[in-house]
Amino acid sequence: MAAKAGRSFFGRWGVHLAVLAIVIVWTLPTMGILVSSLRDRDQIIVSGWWTALAGSEQTEAGRLAGPDAQIERDGRFVIEGLLFEEGDPRRISAFGTRATAPTATEAGVEADLGDGVTLTVEADSRYVMTSPVAFEGRGQRVYFSALSPPRFTTENYETVLLSEGIGRSFVNSLTVTIPATIIPILIAAFAAYALAWMRFPGRAILIAVIIGLLVVPLQMSLIPLLKLYNGVGAFFGVPAKTYLGIWLAHTGFGLPFAIFLLRSYIAGLPREIMESARIDGASDFDIFVRIVLPLSFPVLASFAIFQFLWVWNDLLVAMVFLGTGRDQLVLTGKLNALLGSRGGDWEILTTSAFVTIIVPLIVFFSLQRYFVRGLLAGSVKGG
Amino acid sequence: MATQIISAIIVIIVGVGGCVAYFWGANRLLELVFPARGTSGKTAIDNLRRQGFIRPWLFVGPALLILGVYLIYPVVETLRLSFLDRGGQNFVGFDNYLWAIGDREFRISILNNLLWLAVVPAVCTFLGLVIAVLTDRIWWGTIAKSLVFMPLAISFVGASVIWKFIYEYRAADQTQIGLLNAFVTWLGFEPQVWISIPFWNNLFLMVILVWIQTGFAMVILSAALRGIPDETIEAAVIDGANGFQIFWKIMIPQIWGTIAVVWTTITILVLKVFDIVLTMTNGQWNTQVLANLMFDWMFRGGGDFGRGATIAIVIMMAVIPIMIWNIRQANREADGG
Amino acid sequence: MKHIGLASAALLALALATPASAQLKFAPGEDDRFNWEDYEYLKQMDLNGQSLSVFGPWRGEDEALARSVLAYFSEATGVDLTYSSSENYEQQIVIDTQAGSPPNIAVLPQPGLIQDLASKGLLTPLGEDAATYVRENYGAGQSWVDLGTYAGQDGQEQFYGFPYKADLKSLVWYVPENFEEAGYEVPTTWEELMALQEQIVADGGTPWCIGLGSGGATGWPATDWVEDIMLRTQPPEVYDQWTSNEIPFTDERVVGAMKIFADIATKDQNVSGGKAAVAATDFRDSPKGLFDIPPKCYMHRQASFISSFFPEGTELGTDADFFYLPEKADADLGKPVLGGGTLFTITKDSEAARAFITFLQTPLAHELWMAQSGFLTPLKTANPEAYANEALKKQGEILVNADTFRFDGSDLMPGKIGAGAFWTGMIDLVGGKPAEQVASEIQNAWDAIK
């Protein structure tokens, strides 16, 4: 019924337009990399991605065949050939032989290069250069302005998706992410319920500590923890870098937010429901499992999404707590290895951004339905 | 690989099962040791009380254990390091703190952080709420939400590449490949080097975080909005309330707790934000923030653990007001109901 | 929880992959550009059953190249070699060494970081033999030994970093055809270079493409400029005093070098896009102006690696070439060379790690990478014919024939300066701040960390 109220005020189209505007603003940047990921490396930094669909007039350079290709005809030395490969869709509009005047002569018109040398370049890049004396040195450089149709390539995606071991990394990432998402939810949900609805000494302090822990900078804790892991590993004679280790690490880093988020939601659940259940003789455990958990589904789903995203996109924690062998290298690590040492591989960066985004979006869409209106409908909302 | 998939699935089931088994088993055990049913009178009441005394700790126990190892222990370690020299060997007292107060970069970071704290949480929460309310009303709301949510799924490195293509500068006589400068030149103005304009460059960096985090605010607030019973709103409609009144008088108070959570979370995230600053400017042109400064001192060229730890402690202390506010909130909830 | 541990161990056991048998790029014994006897020598070391972990800065294509060389070592000795890298390798090596789980070999391009690790006692000295080898067989050998020598935890100076793989900074890239067309000659002295700069401006062109942008590292290309100018205006001893801060940044000789750079970079007519573009242009994009038509600039000063950022299909030697950034005619400083490179350190000692350092002392180890791309070596005993092309060979010659070699100064300074205040200072400098003020700010930052 909220919908009806909204329509009466905003008007049917107002809402649509407003949302459309927001969506466009939010999507434009992402569109930018989607388009960029389909372009080739040199193009990305030459023209704006929004012009990718339009054909572009570009000034380029090419080299004619060298003196080896010359033939003698009617007393003149002639070099003939094509600047483009056969079937190239580009069309030349003008050409020149000096970089400072790259479009001095129109295509199809004969240019005088001095000393009796002439050059003609046709729109389809067929060229004829003639000279009264034999050519020497290297091939003549020509500059030309060509209209090229939009150029797209799937090469970047091939590079990323066909790179060796990417499938394995994908599985590794899932192996890390799924438990690292579910374990904190379970642990946090129980703790959150206790902190929201059970009375025990020290509760307020615990809440304060947990909120304080939200802010611990992750980088700070890496060295102490890795030391601990190495110590434990050496003590029990097991490797220090294991999947169990990284699950617990991600659980630890995600717990404060999970407890904080879940507690405030669970605390807002209607008191009456629990009271009536308690009167019916249900214990806290029963109340939690039968009432609180189902009612908290939207917020559990929200947290699951964020934890999943965080773990999925994480590189630092994975590099520190997991090995870099084939059996432990996660997807972000794998993609990271595809980037050059000096960065600047925009095409790989943009492409991998899209490759990694797919799984989180699937998770988002599949959990989306748990946000269904009316999960709490009919219940009375408490403070 | 197939074996890994299978073992991964087994491990997932065992791991998650282990957690479930703990909570269920511990609860069962508690009921067996202190049975409330089947006994009578005083014993039953006593046992119930004992259960009530122990059960909260069974519930929060695993969380406390993990928090202790993964966060509290490092915090204590950090506090200790903040009183030691760069190699973490010699005690230097409050030298690191005194250094921080006198350091120009540190002061710039504090000011910038305050600016971030004032702008980003407010803008994210506001936009998130507006989008959540609006998208609830239209049939393609889910699609719209997914699109707003999408930036959240992109890693920080990816996001910084995206925004590089927005802020990119080329001289006036060249083709602009940055969207913003293309737009500005299309309007007839001079292109700008956005990330080096004093003061404003901070806002341009904040835009990136807003772009990423609004989706977060939206998802959480949207979940809360769906928790508002239809009857409440129907009643308001019947009373003749208009859209704005419903929004401000009915919806906002109902989800106030969630708004506070979103606000707090983003505030804390802002305190920790460093990826954006690191990849976009690395604190150049007076855009330094505390978290990046800490990172800088910790790891650049071998690092100075003492100063890095000191800055981390300062960041943690910045949360104290938020903690106090939240404790009050929590206590009020406990008393109020 | 115990179940998880057991299952996880089982998982690990199941998942342990056998390393794919390495494919050697050049079949041993076939190509006579390589010293294959070294390979036979390596085969005598039996490291079967041992493992060696190497952590380095190379990713992407560089990683493939590094692996192709490492493969020979593992193939010959039977060692189980793993290579890894990370975007945050600098951060990660600090974490790993501090926490006590370092790789066997850490390859680091920053002497400052190595100095720090050495002083904390986290590195193993390589021994006098390795130092002697470098001194005798490398061009400007003593410079390289000094570079790898640091004070350990006990304060004693020892040789910790074995230099392998260098790159050359003192290069100016240009397009020969653009020069020919405009009638410009390659300058052989600094004075000629400055005259050429004026000439290009007078002809209505733009002499330089300069881009300082590099994300979080924005500003570093300008530090190379200043270092190159220092080496061309002052003796190497002054350079050393400067990088160790025995003379302060505010010394007039340093300020002078900064002024020379500012003279070039802060005049709108000198740089493509005007001075505003200098700090805003990404260093990877900046050389592309050379290849624009008409050219946006005629010269680009950058290290040897930059050629991998040239447009696809650019042929070195034909479409693009380089000359040595010339020294002042009257300064009598010989041919100073500024460069960078990677140093191999042992972070966890083992027989295999020692053997690996021995491997780096064979000409073969150098030739294998020389024959591919992106690799230069000052090793005189390596066969220069092994270089994959003329451009690399020419760069290699500059390195082998150097009178003095100096490492990138910003990498020698403490991280907070060389990868912080110096960068920031350079951005301020091209933004128009006076050199004196920039220098005193950098010096203040340096004083603060003493």
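Student: What do the buried residues of α15(C) pack against?

Tutor: Contact here is a C-beta criterion: two residues touch if those atoms, placed from the backbone, lie within 7 Å. The buried residues of α15(C) pack against α2 (36-43), α3 (60-77), β6 (162-168) and α14 (351-360) of chain C. Helices (H or I, at least four residues) and strands (E, at least two) are DSSP runs, numbered from the N terminus. This is a predicted model: local features need pLDDT of at least 70, side-chain atom pairs count only at pLDDT 80 or more, and totals for chains, interfaces and linings use all residues. Residues count from 1 along each chain as its sequence is written, while chains are lettered from A and ligands numbered from 1 in the order written.

Student: Why is α15(C) called largely enclosed?

Tutor: A residue is buried if 20 or more other C-beta atoms lie within 10 Å of its own, exposed if 12 or fewer, and partly exposed in between. Eight of the eight residues of α15(C) (363-370) are buried, so the rest of the structure largely encloses this helix. Among them are C:His366, C:Glu367 and C:Trp369.

Student: How do I read a helix pair?

Tutor: Two packed helices are described by the angle between their axes and the distance between the axes. The axes of α10 (220-233) and α18 (415-430) of chain C come within 8 Å and cross at roughly 85°; axes are lines fitted to C-alpha atoms over the stretch in contact, with angles from 0 to 180 degrees between N-to-C directions. The contact involves residues including C:Trp220 of α10(C) and C:Phe422 of α18(C).
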